[in-house]
Amino acid sequence: MYPNIVLLHVKQRNHIPPICTKQGTVPRNHLLKKHLNSIVHIECIKQDRLTKLNISGKNTNGPIDKMILTQNQKLSKKISELLCTVYNDAKRGTSSAWSWPSNEVANLKRNSLNIFNEFVPFIPNEGDLQYITPINHREFLKVIVEADRPNLTNKLKSCIAVSLRVDGSVDRNQIDNIHVLVKVVTNEGNPDLIFLSFEEPMSRGVTGYYDAVKKAVNQVIPWNDLLGLMSSIVTDGASINSGDKNGLWSILEKERADLPLIKVWCAVHRTALAWEKLTANVIEIKKNVEICVSISSYFHQSGLRTKELKQIAEENNCKFISLPYYFEVRWTEFTYSLCLGILKNWNILVKYFTKVLEESQDSKHKSVTKGFLKFLTDYEKLKLLCFVTDLGYLYSRFQKQLQADYVTIYDLEEKKNAVLKCFGNLKKCPLMGGWEETLSKSVIETKTFNSTNSNDYEINIQLKGFTLHEKTDNNKRRKQHHLYITDHRSFCAIRNDSLEHLINYINERLDSSEWSKLKPLETISSCISDTELKICHNFICPDFELIDFISAYHEAASISNINGKKASFELLRILLQCDAWKPLSTSMARVLSAKPHSADVERLISYYNIIKTTKRSRLAPDTIKDALYIKINMPTLSEFDPLLATKLWINKKSRHYKTHTAATKQRWFRGVFSDAEKDEGDDHKVQLPTKIQF
């Protein structure tokens, strides 16, 4: 062992000890002892030990690095502590660079506080506030990312499958950013999500879009390297992505030449389009939603109305549910939350509008209120509202299942059939335990007979002490040119029409026949024919030899604990244990990485909006990128090792110990130190322009 180590690490090749050469003599005891105590052997042992250490171990045990860290021990300790707080801020997405210094001072005061001694105002020690500035907050973020990026690049290059996820979003400052993520499968068979970057397109159309994606990728890994690893792309269905002639998908296919590329249109986006079509094409549902939006806006426009509504809820011992704001982007979520809020607050709303009608003197206000009350006490419209809420409940659960991380492209058909079965049952009877069933059980119907004619009677419908009304003139017709169009459809007709619309839209939008070529990989089975395997090979792994893929599949299917198993990461890890099955394991990894949704990119955009608020509108894009990098790519705070980042920060430039006498007077310490308090007239000073012009 020892001679081999010397052969590997000795620097003077012309002075290799004879004992270490292949042609050397058989060592005697005194020669071996002398060699083991020699400087050559000791230094080679050190070098061998250093080569086997991880990066953190090398920095701690390496002679030069150890000397640097020892000389800057006090500074290194301070910077590593600051890096941990900056890291935690980025992970949580809470504190900004402007508030970070005051948090650090609060930490210093907490460490020096002793409530059993006489109180003394906190005065920081000399040098305590050095580097605690918003500028250094940004620098700390950058060094954390720079220290980790080489590891991330190497991790990406070693992955066996990479799925690209792209989505665009316009932020609060009307900046159009293209966000780029990748879903990867490591060579150990574990899934992971990696944030690459985001960029603003510099030109219109697909050219600017493509260049932005390429620029974002190049910040972590060279574009050509990612092209070789990428096996699928997941986006929404916009023409800039899915265009046959000039979309992002077609450009990537041309660049990848003969390599496979699975193209996925996000299933959640597709189902959202189906719900949008339903609420637009079924006119009764459209009108119901519009009135519910008007009721929500009625209360959001006045804090006094909301306060009065809450008072009525307290007086009647009812729970008040806040009505959502109008939000068109997540239309499915908004409409369901809105209808649910109206129904849960129904009793309170009816009492409120009844009270306003009795007490208000404003004719215009009374007219609006009367319309709302008429809507809420219309039995047919109330039943329709209950039906839409039940439908929205089933649909929202369906969408949440589609965007779960465990869902694969094979699960789409199963999830679709399950929800279509539920919709089919709604044609026959209301949803068990739903709002429609609850309404039918809660209403009290009474018949009032005519004293002169016993066959003539009126039906009175009561709900929570309020009388509901319904239209009785089913023969009413519209104007002359619409003689054959009924003005009032029955509830059953509307329900059946709505369900048929939704079922047709879902069948049209979620067509899983495009994945039929990948059927052999859904379940490893000995019943799969060679013809099916050949079609699957051409679709998913033409970069491997056909004979290797088919042989690997049949060998795996012949093993009892593999045959009959569905595609999963557990199965993938079993396949990776055999190197001869690489074509099969790689194909399985490519399928598993191609999730049928882009919900992870939507979450990334939400993180972006949390960081860049209206008060942080001047945040530099690089700062947001670094914060998102830490948030998504890096481990938890308890697993974060700040050593590499500390060393990088210290070695970036010469660091000098400075005493800042006016450190407590900086603007970011307002409210922390009295020296930093601003003048009373600061907020009222207005800087006038020197020249007024267009």
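Modeller: Please note that this is a predicted model. I begin with helix H20 (residues 411-428), where Glu413 and Lys416 are three residues apart and therefore separated by about one helical turn.

Biologist: What is the distance between the closest N and O atoms of Glu413 and Lys416?

Modeller: Glu413 is partly exposed, with a relative accessible area of 29%, whereas Lys416 counts as buried at 6%. The two residues form a salt bridge, and their closest N and O atoms are apart by 3.6 Å.

Biologist: How many salt bridges does the structure hold?

Modeller: Some of them join into a network, which links Glu199, Lys215, Asp622 and Lys625. The total for the structure is 22.

Biologist: How many residues apart in sequence are the parts that Lys612 and Asp171 tie together?

Modeller: The side chains of Lys612 and Asp171 meet in a salt bridge, with 3.0 Å from N to O. Lys612 lies in the loop between helix H28 (599-611) and helix H29 (621-633), and Asp171 in the loop between strand S1 (161-170) and strand S2 (176-185), so the parts tied together by this pair are apart in sequence by 441 residues.

Biologist: Are Lys612 and Asp171 buried or exposed?

Modeller: The limit for a buried residue is a relative accessible area under 20%. Lys612 has 7% and Asp171 has 6%. Lys612 is therefore buried, and Asp171 likewise counts as buried.

Biologist: Which residue forms a salt bridge with Glu284?

Modeller: Glu284 counts as buried at 18% relative accessibility. The closest N and O atoms of its salt bridge are 2.8 Å apart, and the partner is Arg489. This pair links distant parts of the chain, 205 residues apart, with Glu284 in helix H14 and, in the loop between strand S8 (466-468) and helix H22 (491-509), Arg489.

Biologist: Which residues does Cys292 contact, leaving aside its neighbours within four places in sequence?

Modeller: Cys292 is placed in helix H14 (residues 283-300). It counts as buried because its relative accessibility is 0%. With those neighbours left aside, the residues in contact with Cys292 are Leu338, Ile342, Phe375 and Leu385.

Biologist: Is Lys383 buried or exposed?

Modeller: Lys383 lies in helix H19 (residues 379-402). Not counting residues up to four places away in sequence, it touches Leu439 and Phe491. Because its relative accessibility is 18%, Lys383 counts as buried.

Biologist: Which residues form the positive surface patch?

Modeller: One of its members, Lys370, lies in helix H18 (residues 363-376). Lys370 is exposed, with a relative accessible area of 57%. The patch is formed by Lys287, Lys370, Lys374 and Lys381.

Biologist: What share of the residues of the chain count as buried?

Modeller: The chain contains 30 helices and eight strands, and it exposes about 39300 Å². Of its 694 residues, the share that count as buried is 44%.

Conventions: Residues are numbered from 1 along each chain as its sequence is written. This is a predicted model: local features need pLDDT of at least 70, side-chain atom pairs count only at pLDDT 80 or more; totals for chains, interfaces and linings use all residues. Side-chain values use heavy atoms; hydrogens and water are left out. Helices (H or I, at least four residues) and strands (E, at least two) are DSSP runs, numbered from the N terminus. Buried means under 20% relative accessible area, exposed over 50%, partly exposed in between (1.4 Å probe, protein chains only). Contact means heavy atoms within 4.5 Å. Patches are made of residues with over 30% relative accessible area and no salt bridge: like charges are joined within 9 Å, nonpolar side chains (Val, Leu, Ile, Met, Phe, Trp, Tyr) within 5 Å. Accessible areas come from the Shrake-Rupley method with a 1.4 Å probe; for residues, only the protein chains shown count as cover. A salt bridge is a side-chain nitrogen of Lys or Arg within 4 Å of a carboxyl oxygen of Asp or Glu. Lys and Arg count as positive and Asp and Glu as negative; His and the chain ends are not counted. The place of a charge is taken as NZ of Lys, CZ of Arg, CG of Asp or CD of Glu.
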